[in-house]
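Thanks for making the time this morning.

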Amino acid sequence: SQPPENVNISIDAPAQVNVGDEVEFVVDVQNAGADPIELYGMDISVDYLNGLLVESVDPPFAEVNQFDSFGDGETYRTYYFYTSIAPGDTVSVTFSGTAVSPGDYSGSLDVCIDSDFSCVGNFIRTVVK
């Protein structure tokens, strides 16, 4: 896996919510390069998603898949977008849902550019009371 160049990622997720609360986390993907890129997909750890019921994603994903990672024992849900991002532009992906179970939920959130194998690794965490 080779991380993509000229891509800036930021994640805005709540640090703490209560069971039953509406929850939203936003992933901003900025093309800092001179050529168009494709937001291929996002791999989100099921360890994080176990506390949240994702009810909608904007912009809508093209497909979703789930896989077990090689080596680290983590399971991921991959949302595929296949969305082009022009040089200098930012695409914001908003995941909306409900906090469903108390606990401390965290895991990897990898943003993949142009393929499944060119990803920027990130970490996400939300405590549900």
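I will speak about a sheet and then about a pocket.

Please keep in mind throughout that what you see is a predicted model. Let me begin with the open sheet, which has 4 strands in the order E1-E3-E8-E5, and in which the pairing is antiparallel. Strand E1, residues 7-12, and strand E5, residues 52-58, stand at the edges, and because each has a single partner strand, one side of each is left without a neighbour in the sheet. If you look at how neighbouring strands of this sheet lie against each other, they are turned by 20° on average, with direction ignored.

As a reminder, strands of a sheet pair through backbone hydrogen bonds, either parallel or antiparallel. Here, E1 pairs with strand E3, residues 22-31, in the antiparallel sense, and this pairing runs over 6 bridges.

Now to the largest pocket, which holds about 350 Å³ of space. Its lining is made up of 15 residues, and those that lie nearest the centre are Asp43, Phe67, Asp116, Phe117 and Cys119. Which strands supply at least two residues each to that lining? They are strand E6, residues 63-68, strand E7, residues 75-85, and strand E10, residues 119-120, and of the contributors it is E7 that gives the most, with 3 residues. Sorted by class, the lining of this pocket has 7 nonpolar residues, 5 polar ones and 3 charged ones.

Technical notes
Residues numbered from 1 in each chain as written. Predicted model: local features only at pLDDT ≥ 70, side-chain atom pairs only at ≥ 80, totals over all residues. Heavy atoms only, no water. Pairing = 2+ DSSP bridges. Axes fitted to C-alpha atoms, helices over the stretch in contact; angles between N-to-C directions. 1 Å grid on protein atoms, 1.4 Å probe; cavity = no way out; pocket = protein on both sides within 12 Å on 5 of 7 lines; lining within 4 Å. Points joined across faces, edges and corners; volume = space filled by probe spheres on them. Nonpolar A, V, L, I, M, F, W, Y, C, P; charged D, E, K, R; others polar.
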